[in-house]
Amino acid sequence: MSETIKERSLNFVEEIVEADLKSGKHNGRLLTRFPPEPNGYLHIGHAKSICLNFGLAQKYGGGTNLRFDDTNPVTEDTEYVDSIKNDLRWLGFSWTNEMYASDYFDQLFKYAKKLITKGLAYVDDSSAEEMATQKGTPNAPGDESPYRSRTVEENLSLFDGMANGDFAEGSRVLRAKIDMSSSNMLMRDPIIYRIKFAEHHRTGNKWCIYPMYDFAHGQSDSIEGITHSICTLEFVSHRELYDWFLEQLEIFPSKQYEFARLNLTYTVMSKRKLLQLVNEGHVNSWDDPRMPTISGMRRRGYTPKSIVDFCDRIGIQKRDNLIDVSLLEFFVREDLNKTSTRVMAVFEPLKVVITNLPDGVVEPCSLENNPEDLESGHRTVNFTKEIYIEQGDFMKEPPAKYFRLSPGKMVRLKGAYIIQCDEAIENEDGSIKELHCSYIPSSKSGADESGIKVKGVIQWVSATEGIESEIRIYDRLFKVEDPSSEEGDFKEYINENSLEVLTAYVEPSLKDAKPGDRYQFMRNGYFVPDTDFSSKKLVFNKTVGLKEGFKVG
RNA sequence: UGGCUUAUGGUGUAAUGGUAACACAGCGGUUUUUGGUGCCGUUAUUCCAGGUUCGAGCCCUGGUAAGCCAACCA
């Protein structure tokens with residue numbers, strides 16, 4: 001094979017990085033950052049950003065800081081810090097430094113004073129409503145605040161007063177003095193500090209004033225020496241302000257670049273909406289397997305590799321996108337197909353009596369653990385006189401090309417024998433009660449001398465040795481592709497039937513399943529032990545189904 | 001009556017002035033002791049109108065459409 005692997009083309013951020021590296025900017029140093037606010041759990045959209053930021057550093061020999069953007073104590077909590085770090089590690093990334101915007105509160109306070117001293121910031125006593133009016137609209141310029149012309153000395157003293165707790169929450173703010181008629185609303189004297197008598201998860205009660213995002217993020221980047229500060233598209237108009245602060249403060253000129261956030265079909269991706277789903281009980285928790293959170297996907301059975309591969313494939317761009325969830329499912333199937341142990345489970349049992357197998361006989365059968373992995377070995381499953389098969393694997397009057405069981409027809413029981421259906425015993429209502437079949441003794445799997453060729457191979461579970469297990473099957477959370485763009489509230493489009501719980505018979509080996517084990521229930525799908533799993537009560541989550549070929553009806 | 005950003009098959013991503021390609025999805029075939037996997041094949045694409053050029057998805061002009069911006073959120 002002499003195929004030349006075509007070099008993967010660069011996305012626009014990589015092009016910028018390569019150009020900067022080539023031109024010797026920052027002496028070839030590269031430092032990115034992943035800046036979550038600790039007010040919610042990470043989701044698949046964050047994974048895109050994580051793969052970009054950490055991936056860039058890995059590819060070009062730089063570093064990535066994990067920085068918690070914790071400037072709003074009202075919504076933030078250490079619980080979220082821990083979950084974010086846990087998710088990041090699980091995805092397989094390690095950060096250069098663990099940082100907190102709150103570590104810079106002292107420095108930020110000094111920066112604010114510097115701005116005041118330069119005549120570029122002032123304390124404003126206007127109410128929120130008054131300031132909103134002053135702001136104007138995107139189509140009309142704003143008006144200057146009556147407090148805009150306070151002296152440097154007065155501003156300095158008032159700002160100290162704010163920090164000392166002399167003023168009531170909401171009574172005063174510090175604003176940058178820029179341009180009330182700018183076409184960019186963010187440049188119309190943005191608020192940079194507000195009073196909040198709230199306990200911060202790290203600084204406790206040290207502060208009662210907290211910087212706004214725009215007065216914290218760029219400066220934090222600058223303090224850390226971040227070379228490429230990558231964020232999502234809604235921050236494009238913040239860039240002008242970002243640059244303005246760093247320039248006026250005369251500090252390290254980090255640069256901001258923006259890419260389009262990820263949207264996935266049949267789900268929502270904003271933390272606000274996900275929080276609503278949790279708080280209003282539409283799902284059970286942040287790590288509910290239906291959630292697009294990293295923790296939910298982990299519990300659902302997604303692998304880190306499948307998520308990283310997905311992020312790699314969707315690329316980085318500036319246009320809005322809505323990615324088909326089937327692409328995500330492709331990557332998890334691709335990974336799980338190679339790595340998961342094959343086992344047998346029956347969800348809708350139909351009893352089969354093997355009439356020519358004597359009572360009490362137990363016939364050990366050897367089954368491959370994974371045909372895709374020759375190292376995975378074999379296990380023994382016992383064949384007994386009474387077994388269960390899937391109801392759908394028998395039809396009294398089968399359609400054309402139906403390869404499973406029907407009166408007089410044969411199928412192979414996976415890893416065991418070929419059986420023939422001799423008689424279907426019916427209940428009074430005409431439904432099938434059980435099947436009487438005979439097995440072909442010379443057809444044992446691996447030693448088949450019968451010469452019989454059958455097209456159908458089905459899974460089965462011994463009725464005497466199989467064990468019961470709870471199975472949780474998940475469907476898409478929403479009934480429409482893009483709930484956020486539909487009329488009305490997104491919650492009107494919730495799929496009420498996204499969770500189905502049933503009881504199945506599974507082969508005995510699953511009693512020893514452990515968290516993190518991954519299984520393919522043959523001819524069905526991929527399943528993982530849930531966090532509720534115990535050897536006394538087996539609980540499996542369905543990650544994703546196998547691709548379906550032939551469909552009856 | 002503004003500013004900014006974007007526009008390539010059904011979905012997503014390439015093509016960096018020179019044959020519009022790759023993945024997913026779909027469809028068909030083949031292999032198979034999973035109707036899975038693998039392998040092979042196949043359908044379908046440059047928002048519109050002008051312009052520059054030997055040549056335009058790419059450059060220019062003008063439209064159109066979509067997204068973002070008026071939180072003491074990030």
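Me: How many cavities of 30 Å³ or more does the count come to?
Reply: This is a predicted model. A cavity here is a set of points where a 1.4 Å probe fits but cannot get out. By this rule, the count of those of 30 Å³ or more is 1.

Me: About how much space lies in the largest cavity?
Reply: Its lining includes Tyr213, His238 and Gln256. The space in the largest cavity is about 30 Å³.

Me: Which helix gives the most to the lining of the largest cavity?
Reply: The lining residues include Tyr213, Asp214, His217 and Gly218. One helix covers residues 213–224 and gives 4 residues to the lining. The helix that gives the most is H7.

Me: How many charged residues does the lining of the largest cavity have?
Reply: Asp counts as charged, and Asp214 is in the lining. The lining also has 2 nonpolar and 4 polar residues. The charged count is 1.

Me: Is chain A more spread out or less spread out than a compact globule?
Reply: Chain A has 12 helices and 25 strands. Its radius of gyration is 31 Å, while the globule rule gives 24 Å for 553 residues. The chain's value is well over the rule's, so chain A is more spread out.

Me: What box do the C-alpha atoms of chain A fill?
Reply: The box is taken along the principal axes. Its dimensions are roughly 100 × 60 × 40 Å.

Me: What percentage of the residues of chain A count as buried?
Reply: Buried means under 20% relative accessible area. Chain A has 553 residues. The share that counts as buried is 52%.

Note on methods: Residues numbered from 1 in each chain as written. Chains lettered and ligands numbered in written order. Predicted model: local features only at pLDDT ≥ 70, side-chain atom pairs only at ≥ 80, totals over all residues. Heavy atoms only, no water. 1 Å grid on protein atoms, 1.4 Å probe; cavity = no way out; pocket = protein on both sides within 12 Å on 5 of 7 lines; lining within 4 Å. Points joined across faces, edges and corners; volume = space filled by probe spheres on them. Helix = DSSP H or I, 4+ residues; strand = E, 2+ residues; numbered from the N terminus. Rg over C-alpha atoms; globule rule 2.2 N^0.38 Å. Buried < 20%, exposed > 50% of the residue type's maximum accessible area, 1.4 Å probe, protein only.
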